[in-house]
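Take a look at the sequence and the model. Then read on for a short tour.

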Amino acid sequence: MNNNIIEVRCLSKTFDNKKALKNISLDIAHAGITALLGPSGSGKSTLLRHLSGLALSDKKDGTEIRVMGELVQARGRAASGVRCCRARAGYIFQQFNLVNRLSVLTNVLIGALGSTARWRTLTGRFTAEQRRQAMQALERVGMAAFAGQRVSTLSGGQQQRVAIARSLMQQARIIFADEPIASLDPESARTVMELLRDINEREGIPVVVTLHQVDYALKYCQQLVALREGEIFYQGAADAITSEALTALYARSRPLSSVAGAADAGSRASALSFVTGSIQGQPS
Ligand SMILES: Nc1ncnc2c1ncn2[C@@H]1O[C@H](COP(=O)(O)OP(=O)(O)OP(=O)(O)O)[C@@H](O)[C@H]1O
């Protein structure tokens, strides 16, 4: 048994005539937080949706995706155990995917539905133990004081913290986060990334996150998978990506060759400011 949280073999995805992912193979080891990076349209969200079983690949022999050792899909078909895989994965999206008209506590309790008897689900009843666990999860993310409040009254950063509490309630074995900080102010973005890091370190839950902000990726993530035009451009340690690779990743036209190698802190910092020049509120 290996130590990979993600194993992808020969993954291609075509939308109409557009190839969004081009024969990607990838292993991600269980080590900290992994960022999916790349310019807009490079395929980050499409890859994440395939990993989480929310999208099916092109039907092609040899295509296979495993998460935490479990088969999610093969040859463009969902694996028989995919519901179970989905139930054990936490999802955090840019648009908060919470039920606005329900309370914070109920939204967290929804995370327990996978392990709740069907009759209880239908009658909307949760056990006292589940309520205790949900409150504990809210305390963990610093949102216990908001338990009775409707989600629609919360800020974006607070909603992301509730989504993280729901993943904890769900006893997620892995968390997939798709641009979780894209709509947040810098302070809230930092809080959310710090919370993900804390959960990753203390609960040992691996996190795979798509990010637009390279500086956040370098600060909070240990591993990078960079995509460009549907192909893997760089995969490796966050602290080993070079300034040249970062610059080439976001260059408008395709570079002559992919560059990766040992990092040079000085030139990396200048490349970083080039790459993130238009982004406000970098992490401090
Ligand atoms: N449902 C869809 N139907 C048609 N084309 C799609 C669909 N989803 C994604 N695409 C296309 O696939 C390519 C990759 O899109 P994807 O959203 O994965 O990129 P991304 O790197 O996440 O971009 P962004 O950073 O802007 O969110 C794009 O060209 C996009 O237009």
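What share of the contacts in the protein chain with a separation of 6 or more comes from residues 24 or more positions apart? These residues account for 63% of such contacts. Keep in mind that this is a predicted model.

**The chain as a whole**

The protein chain holds 10 helices and 11 strands. It has 284 residues, and buried residues make up 40% of them.

**A pair of strands**

Now turn to strand 7, which spans residues 89-93. Is strand 7 mostly covered or mostly uncovered? It is mostly covered: 4 of its 5 residues are buried. Strand 7 has a partner, strand 8, at residues 174-178. The two run parallel, and 5 bridges join them. Find F93 and look across: D178 of strand 8 stands opposite.

**How confident is the predictor?**

The model scores ipTM 0.97 and pTM 0.86. The mean pLDDT of the protein chain is 85. A pLDDT of 70 or more is reached by 83% of the residues. The elements at the two ends of the scale are these:

| Element | Residues | Mean pLDDT |
|---|---|---|
| Strand 3 (highest) | 33-37 | 97 |
| Helix 10 (lowest) | 265-275 | 43 |

One stretch calls for care. Over residues 255-282, pLDDT stays under 50. The model still has 47 contacts beyond four places in sequence for this stretch.

Technical notes:
Residues are numbered from 1 along each chain as its sequence is written. This is a predicted model: local features need pLDDT of at least 70, side-chain atom pairs count only at pLDDT 80 or more; totals for chains, interfaces and linings use all residues. A residue is buried if 20 or more other C-beta atoms lie within 10 Å of its own, exposed if 12 or fewer, and partly exposed in between; C-beta atoms are placed from the backbone. Two strands pair if DSSP finds at least two bridges between them. pLDDT is the predictor's confidence in each residue, from 0 to 100. Two residues are in contact if their C-beta atoms, placed from the backbone, lie within 7 Å.
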